[in-house]
Amino acid sequence: MSAENQADAKSDMQNSAQNISQNSANQELDANTHGAINMQLADGFEVMLITGMSGAGRSHAANALEDMGWYVIDNLPPKLLIPLVDMMTSSGSKVHKLAAVIDVRSRGYFDDLFAVLAHIDELGVKTRILFLDASDSVLIKRYESVRRPHPLQRGGRLIDGIREERELLSHLKDCADIIIDTSTLSIHQLSTKLYEGLLGKGSSTVAVHIFSFGFKYGMPMDADFVADMRFLPNPFWVPQLRDLTGKDKPVSDYVLANPAAVAFLDAYEKALLTAIDGFAKEDKHYVTIAVGCTGGQHRSVAVSIELARRLRLHGLQVTVSARELQRRS
């Protein structure tokens, strides 16, 4: 090989080495950046482990958390939590709260739980353990009523399976953030306790949806309350308001300036607050209020918006929609 060719070959090798080094650095930077992004995203996510004694109400607790907006998975082997959390904290994920029911049905996988929890904690994801318990006598009674064997019974006595499970879960119970004894609770009382523990007490746990509608297009079938605004003057007969809707200020001002509208809203607001507070105590956490007028364009829309504004001042979660306006759009 000539000296010139040797020089060219040496130069090519140096360039190749530089490219490899640069690619390695870029990959390391990408990995570090991805890790930093995941750590940052992890701050906004939460994992709830639902565990405890079989028959103590884990399924009902899972249903309650699902109603609160959690993504719930039942009977999950603990090791699968890690890829789930990684998926949850990836950019673009819409899952912000993951609840996993983990219990002795996972068998051998159950031993991995504490190592998995330590790993998730290192990722910066907030993790809580909900432990459901009940007395042996209550658990026996519940199993006898459903006529199913205990997962650790293995053909022996029911009480032996319960005692073995209690021993296996003793350390997990000691680490639990929330412990609920369901011995004297109904499923509705358990749900209420969870709502109070995670969202707060009273009417603040109730999500309210208000929608306007027109009676001439049919009564709503899914409303807990229906209010009729046809006792108020109709803006439809005012030429300059006819083509507007209750979302427009001139119509809203026209409707709400009427003393009858104000008197109605004052009384209705008070009645609804009393009812919503009672619903929260009875484990009803979603309330739908329909407000109607003739065509669902003016009076009902304006009153719906004003009613939502008033209820929000009491700390309630309120959403608003207009059935007939949605049909028009």
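Predicted model: local features only at pLDDT ≥ 70, side-chain atom pairs only at ≥ 80, totals over all residues.
Local features need pLDDT of at least 70, side-chain atom pairs count only at pLDDT 80 or more, and totals for chains, interfaces and linings use all residues. Residues are numbered from 1 along each chain as its sequence is written, and side-chain values use heavy atoms, with hydrogens and water left out.

Two packed helices are described by the angle between their axes and the distance between the axes. Helices here are DSSP runs (H or I, at least four residues), numbered from the N terminus. Axes are lines fitted to C-alpha atoms over the stretch in contact, and angles run from 0 to 180 degrees between N-to-C directions.

Helix α11 (residues 259–281) and helix α12 (residues 299–312) have axes that come within 11 Å and cross at roughly 50 degrees. Therefore α11 is oblique to α12; angles under 35 degrees count as roughly parallel, over 145 as roughly antiparallel, 65 to 115 as roughly perpendicular and the rest as oblique. In this contact (heavy atoms within 4.5 Å), α11 supplies V262, L265, D266, Y268, E269, L272 and L273, and α12 supplies V303, E306, L307, R310 and L311.

Helix α10 (residues 249–256) also packs on α12, at an angle of about 85 degrees and with the axes 9 Å apart. That angle is why α10 is roughly perpendicular to α12. S252, V255 and L256 of α10 meet R299, A302, V303 and E306 of α12.

The remaining topic is the largest pocket. Its lining has 21 residues, and S54, G55, R58, S59 and Y143 lie nearest its centre. A pocket is an open set of points on a 1 Å grid over the protein atoms alone, where a 1.4 Å probe fits, with protein on both sides within 12 Å along at least five of seven lines; lining residues have an atom within 4 Å of a point. The elements giving two or more residues to this lining are α2 (58–67), α5 (136–146) and α8 (187–199).
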